[in-house]
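Dear colleague,

Please find the structure we spoke of placed below. My notes on it follow, and I would be grateful if you read them with the model open.

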Amino acid sequence: MLFSLVLLACSSLDRHPQMVNIRGVVFGTYYSITYYEEEGRVFDHPIDSLFKDFNQSLSFYHPESLLSRINRNEEVNVDHFFKPVFLRSAEIYEETGGAFDPTVFPLVNAWGFGVSAREEMTPERVDSLLALVGFHKLRLSDGQLFKEDDRVQLDFNAIAKGYAADVIGAFLESQGVEAYLIEIGGDIIARGVKPDGNRWRIGLEIPAADALDGQDWEYYVEVEDRGLATSGDYRRYQEVEGVRYSHTINPATGYPVDHSLVSVSVFAPDAMSADAYATALMVMGKEAGIRFVEDREDLEAYFIFGNDEGDLGYYISSGLVLFSREDL
Ligand code: AMP
Ligand code: MG
C-alpha cells in the first residue's frame, strides 16, 4: 500500500441517522468503519466475530485456518468465505492473463513474504517453484478443491482484505444500514450517500521517498458505491544487500516485480475486485496497466511511478476526478 487513505468524515450532529465509527486492528493492519444508523447502534461485537471467522478461513498465517489446511491437502469442505473468493479469483486470473494468481504462494514463501524465511533463490529454484503456479491447476467441485498437483498452494492475501471489507458491508446492510465507508489497511468500500446527500470523500496521500516520512493528502475523490484498493511496495519490501525486493511476485517469471511502478490505486465496483486488480496492475507495470484500465468501463486507477529524473510521476485514468484540498 503506497499511501494510506484518510477519511474525511464530517459528522452532522443535528441529523438523523447518527454516525458511528468503529476502529481497531485486524490482519496486521488498522481498520475503520463509519456508517449511519437510525439509533446509532454500534456493531463492534458482530464485526469482531466476523473478523475472527474470516481469519479462521482465509488466513495463511493461522496454521488451522481452512486455507492452511487446504495447503496441507487435508480433506476439507470449502466454506462461504472461500467459495466467492475462489470464484472471483478465477475470473480475475483469466482477465489479467495470470498477472493476478493466488497460487504464487510457494514463491511468496520462498522469497520470504509468507510464513517462512527467505531462501537462496537461484534460477533453478525459481523455475522449480514456478512449475507449481497456475490458478487453472485448481478446480472447485461439490464444495471441495481439487489440485492438479498436491504441491499447489494458495495465498489469498491479494484479495482477502478487500473481500473482508465487502463482507462487513454486507453485514451492515443486513442490519438496515444504507450508507457506510469501510477501510481495512487501505482497502475501502463506500456505499450510499451520507444523510446530508454528500458522497463519501477519501483523501489520497502523496508518498514520501521513505516509508515513514511525514505524509499528507493533497487530493481527494468523491465516491459512491465504489471499492478502492492500493497495491505498492514502499511499505512492504525486503532489502537484501541494498536491493529491494517487492512482495508482489510476477507469476510469469517467478521473480518479484521490478519496474518503475511504485503503487497503483484501483477503483472498482466492489473492494474484493479492486484489491485483486490493484495487485494485477502492479504485476503488469505502468504501460500495460494503464492500457488495461483505460480499456475497462468499470475500473479507474491512479498510478504512481518513478520517472527518469528520479522523481515520482503520476497517471490518473481518464474517468477519475480528483479534487484539490484547496477546493474544500
Ligand atoms: P496486495 O497488497 O493486495 O497487492 O497483495 C500482495 C500479497 O499478495 C503479497 O504479499 C503476496 O502474499 C500475494 N501476492 C504476491 N504476488 C501476487 C500475485 N501476482 N497474485 C496474487 N497474489 C500475489
Ligand atoms: Mg490486492
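Which residues have the most contacts inside the largest nonpolar core? They are Phe82 and Phe156, within a core of 84 residues. Helix H7, which covers residues 271-284, gives the largest share of this core, with 10 residues. A separate core of 15 residues lies apart from it, and Ala179, Leu181, Ile202 and Leu204 are among its members. Please bear in mind throughout that this is a predicted model.

With neighbours within four places in sequence left aside, Phe82 is in contact with Ser57, Leu58, Leu66, Leu67, Ile70, Leu140, Leu145, Leu154 and Phe156.

As to the chain in general, there are eight helices and 16 strands. Of its 328 residues, 52% are buried. If one takes the contacts between residues at least 6 apart in sequence, 61% of them join residues at least 24 apart.

I turn next to a pair of helices. The axes of helix H1 (residues 44-58) and helix H6 (residues 160-174) come within 11 Å and cross at roughly 145°. The crossing of H1 and H6 is right-handed. From H1, the residues that take part are Pro46, Ile47, Leu50, Phe51, Phe54 and Leu58, and they meet Ala160, Tyr163, Ala164, Val167, Ile168 and Phe171 of H6. Sorted by class, this contact has 12 nonpolar residues, no polar ones and no charged ones.

Asn73 has a positive phi of about 65°, although Asn73 is not a glycine. Asn73 is placed in the loop between helix H2 (66-71) and helix H3 (82-95), and counts as partly exposed because its relative accessibility is 38%. Asp142, likewise a residue other than glycine, has a positive phi near 50°. The loop that holds Asp142 runs between strand E4 (138-141) and strand E5 (144-147). With a relative accessible area of 77%, Asp142 is exposed.

Is Gly289 buried or exposed? Gly289 counts as buried because its relative accessibility is 0%, where buried means under 20%. Gly289 belongs to helix H8 (residues 286-294). Not counting residues up to four places away in sequence, Gly289 touches Leu281, Met284 and Phe303. From Gly289 to Ala301 the distance is 9.2 Å, C-alpha to C-alpha, with the two residues 12 apart in sequence.

Finally, Glu95 is found in helix H3. At 36% relative accessibility, Glu95 counts as partly exposed. Beyond the residues up to four places away in sequence, Glu95 touches Arg88, Tyr277, Phe292 and Arg296. How many residues along the chain separate Glu95 from Tyr277? Glu95 and Tyr277 are 182 residues apart along the chain, while their C-alpha atoms are separated by 9.6 Å.

With kind regards

Notes: Residues numbered from 1 in each chain as written. Chains lettered and ligands numbered in written order. Predicted model: local features only at pLDDT ≥ 70, side-chain atom pairs only at ≥ 80, totals over all residues. Heavy atoms only, no water. Core = buried A, V, L, I, M, F, W, Y, C linked by side-chain atoms within 4.5 Å. Buried < 20%, exposed > 50% of the residue type's maximum accessible area, 1.4 Å probe, protein only. Helix = DSSP H or I, 4+ residues; strand = E, 2+ residues; numbered from the N terminus. Contact = heavy atoms within 4.5 Å. Axes fitted to C-alpha atoms, helices over the stretch in contact; angles between N-to-C directions. Left-handed = near helix turned anticlockwise from the far one by under 90°. Nonpolar A, V, L, I, M, F, W, Y, C, P; charged D, E, K, R; others polar.
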